Amino acid sequence: IHVANPGILGNIFPMLGINKIRLVTGNIHAKLLYLPPGGGCGWFRPLSGLALSSQVQGHIIRTYPHHQLNQNTIVLIKRSSKRWLAQHEQIVTFLQQSAKNLNMSFWVFNDRPAPPFEMTKTKFYSAKLVVAPHGAGLSNVIMTKPGASVIEVLCNPRPNSCYYSTMQTLGHMYVGLLANKGPCGPMTINLDYFKQLVRKVLTRF
């Protein structure tokens, strides 16, 4: 199985029952090549995406005790380079308090350094709400149970709606929040509106 980054995908394939020793990278010569259909960054085909999500979540359910998998976590994704949230600390403070008020837990997925994959699996699986700037970290929602909510902060004036269709396919409620006009990193948002939005999303549970 040829992959561009065996380090990242090396965590996924064992969840599918595929041994990592089958992964190869770099330039290779193949006598017979099978090329499955793919998609652009952030997009996946509905049937294959649902099949992948089902396999991954099934692995999590079989691996971890039930008390670790209750859907009671607010997850905030922190990006360290482009498209990062300038008001990250204020957002952390608000989401921490919101989680406390509702007897939920709060967790920050920091991309530098990335947390252990074992923790990533359980935290995203148990997420009721995921808040994130647009970026690859949102791909982790394939591990999140259907019915969760996702608030994605999008660049202004060049939003990318690829994760909208992904969330719809996975059965998550999706809200795209357009950042204030300006460069795509750092991004700023209307904090008052964001807080109202979070409260409204959390009260739907």
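## Ground rules

Since the model is predicted, local features need pLDDT of at least 70 and side-chain atom pairs count only at pLDDT 80 or more, while totals for chains, interfaces and linings use all residues. Residues are numbered from 1 along each chain as its sequence is written, and side-chain values use heavy atoms, with hydrogens and water left out.

## Helix α4 and its cover

Let's start with helix α4, which spans residues 117-125. Helices here are DSSP runs (H or I, at least four residues), strands are E runs of at least two, and both are numbered from the N terminus. Buried residues of α4 include Phe 117, Lys 121 and Tyr 125; buried means under 20% relative accessible area, exposed over 50%, and partly exposed in between (1.4 Å probe, protein chains only).

What sits over those buried residues? The cover includes helices α1 (6-12) and α2 (46-63), along with strands β1 (73-78), β2 (105-110) and β3 (127-133).

## One salt bridge

The count of salt bridges comes to one, where the rule asks for a side-chain nitrogen of Lys or Arg within 4 Å of a carboxyl oxygen of Asp or Glu. Lys 121 and Glu 118 form it, at 3.4 Å from N to O. They are about one helical turn apart, because three residues separate their positions in α4. Lys 121 is buried at 3% relative accessibility, whereas Glu 118 is partly exposed at 44%.

## The cysteines

There are zero disulfides, meaning pairs of cysteine sulfur atoms within 2.5 Å. Cys 155 is buried, at 5% relative accessibility, and Cys 184 is partly exposed, at 22%.

Technical notes:
Contact = heavy atoms within 4.5 Å.
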